[in-house]
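Q: I am new to reading protein models and would like a close look at one part of this one. Could you walk me through it slowly?

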Amino acid sequence: VVQSKGVGAIVGRLAHEDTTVVIPALRTAGNMVTGTDEQTQAVLDGGFVTQLARLVAHSRRNVRREACWAASNIAAGTAEQIGSLVAFPNLVPGLVKQLDVGEWHVRKEAVWAVCNITSSGVAHHIDVLVAAGVLGPLARVLNVDDARVVLVALEAVENILKQGKAYSEQGRAEDFAGMFEEEQGMDILEDLQHHANEDVHRRALELLETYAELETEGADENIQPEVATGGTFTFGSKAATGSFAPQAPGPMSSAGASLNQAAIVPAPMKVSAPVAAPAAAGFGIAAPPTGGFNFSSVTFS
């Protein structure tokens, strides 16, 4: 399709009023941006981002889900391609809104989009996310029951706090750790130390050890983080009681890496279909709809 210069026709269908035309066109464009950087760039050059900014706020859940999924794959590309996402008005705020209040399937795709921006992007891209208010929604998504989504969100949080720490070392005023704490993020990390998933438990502890002290620097000594019995972090309050019972990790991720590996989250990554809800046996990636989309009623000209 890219070689035949049909990208413009597909992107043009995204402006159609009929969602039976929009959704298959969006899935087709989304599949293209799971390819090479060159293929992704061809879709971007066809005006895809312009349509994407509108589609992440679409009234239909499935359209928003596909749009967030496509954005996550673009965000796994080059820094320049991520720049095209964050530079377009309302696109990042739209992703942040879906991360916060979207339906569950939409929120999961938005988490991946945000994580990939923080992983593959540059400092300015993280600044745009923070300015759009991403820290609050990220903190809140840490409370969900899906361990894999929590791990992806923790990866994004770590990337943002790491950038904030770099700013602090440069003498800049940005206090991302303090902003995260204002959103109750540090308290949520403290709770996650007692999570049933071993990887979540470990990552939360690492973040607290690295960034909680930075956030509380200069605060009253009574609320300085302390190491409680059992090796957990606490802020001057009694540590949660009860034993920690780690679970075995779920099945292999879509990138072929177990969630029990040191890297934990294989970000940035491109996936060939939006993320499915976790199955009873663990986590998985959705396959395209059975039989694919029917383009018989759609003519590209």
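Let's start with P89: is P89 buried or exposed? And please go on from there to the salt bridges.

A: A word on the model comes before the details. This is a predicted model, in which local features need pLDDT of at least 70 and side-chain atom pairs count only at pLDDT 80 or more, while totals for chains, interfaces and linings use all residues. Residues are numbered from 1 along each chain as its sequence is written, and side-chain values use heavy atoms, with hydrogens and water left out.

Now to your residue. P89 is exposed, with a relative accessible area of 53%. Here, buried means under 20% relative accessible area, exposed means over 50%, and partly exposed lies in between (1.4 Å probe, protein chains only). You will find P89 in the loop between α6 (79–87) and α7 (91–101). Helices (H or I, at least four residues) and strands (E, at least two) are DSSP runs, numbered from the N terminus.

D100 forms a salt bridge with R140, and their closest N and O atoms are 3.0 Å apart. This pair links distant parts of the chain, since D100 is in helix α7 and R140 in helix α10, 40 residues apart. A salt bridge is a side-chain nitrogen of Lys or Arg within 4 Å of a carboxyl oxygen of Asp or Glu. Side chains of opposite charge can pair when their charged atoms come close. D100 is partly exposed at 26% relative accessible area, and R140 is partly exposed at 38%.

The structure holds 9 salt bridges. Another of them joins R203 and E158, with the closest N and O atoms 3.1 Å apart. That pair also links distant parts of the chain: R203 is in helix α14 (residues 198–216) and E158 in helix α11, 45 residues apart. R203 is buried, with a relative accessible area of 5%.

D199 and R202 are separated by about one helical turn because they are 3 residues apart in helix α14. D199 is buried at 1% relative accessible area, whereas R202 is partly exposed at 26%. Finally, salt bridges that share partners join E155, E158, R203 and E206 into one network.
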